[in-house]
Amino acid sequence: MVKVLVFGATGFIGFSVAQALARSGHETFGLYRKIEKTKELTRNEIEGNKIITFFVVFPVLGDTGDVSTWISTAEQVDVIIDTTSPGNEPVKHNKIILDAVFEIGKKRLENNEPKLTFISTTGTWVYGGHPYKIKCESTPLNTNLELVTWRPPIEQTIVESKVINGIIIRPGAVYGKSGSLTALWFEGAIKGELCGVGSKENRWGLVHVDDLADSFVRAVERADIIGGQIFNIINNQSESLGDMLGAVARITEYKGEVKYKSPTSKFEEAMASTGIFSNKKAQSILGWKQRQLGFVDGINIWWNSYKAYIQ
């Protein structure tokens, strides 16, 4: 059993990661900001009127930007996972976290204690380069997307650190459950205006949130031997924007025109990008593999899941 602290434990990615760790028998602590989210971190899995599984994510009320709210827990765990995605001042946000993490790491080395593991969640938008060239973890980063140009230097700081086991998880666009980015399409279809950013020929690399969570569990359980490594966590095949929006239109019985528009913000510029990526390293080292259906093939599942979450 490993002791793990998850930052962003009630967020779209962090919640699934924390649940997966707890289900796997790890002592899991979840940092969250809103007190009303407390009950979400403790769940029973019920079949009929019988509890079949009990798992707990121990809640830690606080904010990543206020180290005093989580430092005492961080000093007691084996692994810290950051699933947050700051919208404002991301460099400052990450510096606050990393300064504290590196200080814990230094103290452990000084006391001849096992290294602290820190796993950071970034994304495949950092690659850039030729859109149709398959990119693996050793591909040089050449992104021109303003939204993520700050990420590569921070990734390097983490994986090159001598005082922690730094690990980077680069997921593709995440779908499933409440939907994340793909929820925008379901919402648009419901409101009568289904629209994609970019061209219908754009290709996305995706990953289901549960498959992504599984990669974190595998990284945690192999942390001592994979420090300094980066992993693409992504489905075996990319999917075109046209195919995905067509599937959304079909399952929602959308009767209007599927439209495409040019990006008007940093976020939309990233959404309009094309990327094709390899997951071979994650398969060979983590033993990870895609288990969930792709977005188009599983559209009926993802639509019903989305509807369940918005009710």
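I am working from a predicted model here.

Next I looked up how the two helices sit. The axes of α1 (residues 12–23) and α6 come within 8 Å and cross at roughly 55°.

Then I listed who makes the contact. From α1 I have Phe12, Ile13, Ser16, Val17, Ala20 and Leu21. From α6 I have Val209, Asp210, Leu212, Ala213, Phe216, Val217 and Val220. Sorted by class, that contact holds eleven nonpolar residues, one polar and one charged.

I stayed with α6 for a bit. The helix covers residues 209–221, 13 residues in total. I get 19 Å from its first C-alpha to its last, close to the 18 Å expected at 1.5 Å a residue.

How many residues of α6 are buried? I count ten of the 13, so I noted the helix as mostly covered, with buried meaning under 20% relative accessible area. The buried set is Val209, Asp211, Leu212, Ala213, Ser215, Phe216, Val217, Arg218, Ala219 and Val220. I note that Asp211 and Arg218 are on that list.

I read an angle of about 45° and axes 10 Å apart. That makes α5 oblique to α8. I also checked the hand of the α5 and α8 crossing, and it is right-handed.

For the contact, I see Trp185, Phe186 and Ala189 on the α5 side. Across from them, α8 brings Leu241, Met244, Leu245, Val248, Ile251 and Thr252. I sorted the residues of this contact into eight nonpolar, one polar and no charged.

Last stop, Ala249, which lies in α8. Is Ala249 buried or exposed? I find 13% relative accessibility, so Ala249 counts as buried. Leaving out residues up to four places away in sequence, I find Ala249 touching Leu194, Tyr254 and Val258. I also looked up Tyr175: 74 residues from Ala249 in sequence, and 17 Å away in space, C-alpha to C-alpha.

Definitions and conventions
Residues are numbered from 1 along each chain as its sequence is written. This is a predicted model: local features need pLDDT of at least 70, side-chain atom pairs count only at pLDDT 80 or more; totals for chains, interfaces and linings use all residues. Side-chain values use heavy atoms; hydrogens and water are left out. Helices (H or I, at least four residues) and strands (E, at least two) are DSSP runs, numbered from the N terminus. The expected span of a helix is 1.5 Å times one less than its number of residues. Buried means under 20% relative accessible area, exposed over 50%, partly exposed in between (1.4 Å probe, protein chains only). Axes are lines fitted to C-alpha atoms, for helices over the stretch in contact, and angles run from 0 to 180 degrees between N-to-C directions. Contact means heavy atoms within 4.5 Å. Ala, Val, Leu, Ile, Met, Phe, Trp, Tyr, Cys and Pro count as nonpolar, Asp, Glu, Lys and Arg as charged, and the others, Gly among them, as polar. Angles under 35 degrees count as roughly parallel, over 145 as roughly antiparallel, 65 to 115 as roughly perpendicular and the rest as oblique. A crossing is left-handed if the near helix is turned anticlockwise from the far one by less than a right angle, and right-handed if clockwise.
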